[in-house]
Amino acid sequence: TDDLNEAARAILRANDRGGYTVPNGRVYPFQWNWDSAFVAMGFDTFDRDRAWAEIESLFSAQWEDGFVPHIVFWKDDPGYFPGPAVWGTDRTPMTSGITQPPVAATMLRQLWDSAVAAGEADTYRSRAAALFPKLLEWHRWFARNRDPEGRGIVVALHPWETGRDNSPEWDAPGEPIDITNVGDYVRRDTGHLDAKMRPTKLEYDRYLALVQYGRAQGWDHARIAATNPFRVADVGMSMMLLRANRDLLALAEALGRGADAEELRGLIARAEAGIGWLWDEAKGTWCSRDLLTGRHSGFVTSASFLSFYAGVSDPAKDAAMLAHLERIAGRVAHLMPSLDPDDPGFQMIRYWRGPVWAVVNWMIGTGLAEAGHAGSAAKVRQDTLDLIARNGFYEAFSPIDGTGSGGDDFSWTAAIWLAWNA
Ligand code: DGY
């Protein structure tokens with residue numbers, strides 16, 4: 001594993017564009033929000049200063065309203081579609097107009113704790129203090145714009161915001177999106193990768209229609225939130241934000257920010273009281289829910305297992321999720337498939353309809369360990385390390401036979417290897 005540790009470090013160094021890291025130089029040649037956060041945790045295992053710089057560069061692209069974009073286009077690259085001209089946000093640096101799962105506060109807390117453990121708190125305290133208000137502003141932005149009923153959940157306005165782009169959770173909520181005027185466009189993703197690993201043409205048409213919609217509203221976040229044709233309470237983002245608020249609270253306490261800590265306790269209490277809205281009693285699972293119809297997706301996805309990571313504990317629900325985990329573990333060679341393998345729509349190499357993602361496994365495994373489910377936690381971690389050791393640092397992996405799916409030499413996969421192994 002010394003060799004693999006070195007290979008993982010080499011991937012991060014090679015994908016470093018000087019202060020920010022690309023997920024993969026060909027397929028994703030810019031800075032992606034949640035990728036960068038996980039990447040910081042990877043850098044932290046061998047270059048603490050560089051780890052902090054990753055999060056600092058992401059937050060240097062924050063908008064005045066607190067929003068943090070899902071992509072920062074530090075410089076244009078013709079190898080990706082849709083690029084900055086399509087988004088038309090008219091920002092410097094150029095950015096997209098949608099956000100992504102809020103994991104940065106959780107990663108910053110990891111960085112802070114590791115600096116404290118290394119006796120370097122004094123060196124990093126001022127950097128933590130400078131980042132803290134930016135993270136809090138982003139979390140406030142979510143509360144203001146993405147939680148219309150004050151349930152402590154996160155409403156996604158684009159499948160790309162969830163990070164789980166083509167999850168079947170977005171199929172029914174995506175139907176009302178009008179794709180008749182999307183026009184012609186040339187995808188670049190399928191020029192780099194086998195189309196079998198990627199979303200379909202119908203899905204891309206919807207993605208593009210939503211970009212055009214946001215652009216037509218001048219990327220006015222409040223307005224889009226009130227009128228967007230796609231509005232889904234995402235179980236993944238909701239659980240990740242609840243977790244991130246707990247981590248931000250720990251930072252507030254460490255930095256002596258009493259009033260902010262009080263505010264965060266309020267946000268956490270709200271989510272603890274409201275998140276049960278995402279429990280589907282009929283299917284016995286956590287899942288996303290369409291805000292416009294009130295319908296649960298009913299799908300068991302890898303995001304369903306993030307309740308442990310969020311610190312949402314309820315004996316009956318936990319038991320149901322652990323039973324799903326056991327059942328799924330009996331059906332695949334490697335946990336955790338992004339879609340229940342017993343679902344007829346399961347496809348072992350198609351992006352978020354089957355493949356295993358190392359970052360999701362890290363969150364699931366971390367949550368299970370914290371909740372005291374040591375055996376399941378160890379299996380999720382070991383499966384992740386085995387997949388990488390046997391197949392390489394791929395974007396994702398088939399849960400059936402481990403085949404790499406998507407880009408290779410992938411930054412966040414390398415980061416998770418380092419976080420869990422180095
Ligand atoms: C892509 O282009 O596939 C990305 O996931 C969008 O964020």
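## What counts as touching

Two residues are in contact if their C-beta atoms, placed from the backbone, lie within 7 Å. Keep that in mind for the tour below.

This is a predicted model: local features need pLDDT of at least 70, side-chain atom pairs count only at pLDDT 80 or more, and totals for chains, interfaces and linings use all residues. Residues are numbered from 1 along each chain as its sequence is written.

## The whole chain

Let's start with the big picture. The protein chain has 17 helices and 10 strands (DSSP runs numbered from the N terminus, with H or I over at least four residues for helices and E over at least two for strands). Its C-alpha trace spans about 60 × 50 × 45 Å along the principal axes. A compact globule of 422 residues would have a radius of gyration near 22 Å, and the protein chain agrees with that at 20 Å (taken over C-alpha atoms; the globule rule is 2.2 Å times the number of residues to the power 0.38).

Of the contacts in the protein chain with a separation of 6 or more, 70% join residues 24 or more positions apart. Buried residues make up 54% of the 422. (Buried takes 20 or more other C-beta atoms within 10 Å of a residue's own, with C-beta atoms placed from the backbone.)

## A domain from the record

In an unreviewed entry, UniProt lists residues 28–413 as "domain: Mannosylglycerate hydrolase MGH1-like glycoside hydrolase"; such annotations may be inferred rather than shown by experiment. Over residues 28–413 the chain is 48% helix and 5% strand, with the end C-alpha atoms 14 Å apart.

Now for some strands. E4, E5 and E8 line up in the order E4-E5-E8 as an open sheet with antiparallel pairing (strands pair if DSSP finds at least two bridges between them). The edges are E4 (155–156) and E8 (289–290), each pairing on one side only. E5 (residues 232–233) and E8 are antiparallel over two bridges, and Val-232 stands opposite Asp-290 in E8.

## Around the ligand

Which residues surround the ligand? They are His-70, Trp-160, Asp-165 and Asp-189 (each has its C-beta atom, placed from the backbone, within 6 Å of the ligand).

## Zooming in on Pro-399

Pro-399 sits in the loop between strand E9 (396–397) and strand E10 (404–405). Why is Pro-399 counted as buried? Because Pro-399 has 28 C-beta neighbours inside 10 Å.

Leaving out residues up to four places away in sequence, Pro-399 touches several residues, including Val-332, His-334, Met-348 and Val-356.

Key:
Buried ≥ 20, exposed ≤ 12 C-beta atoms within 10 Å, placed from the backbone.
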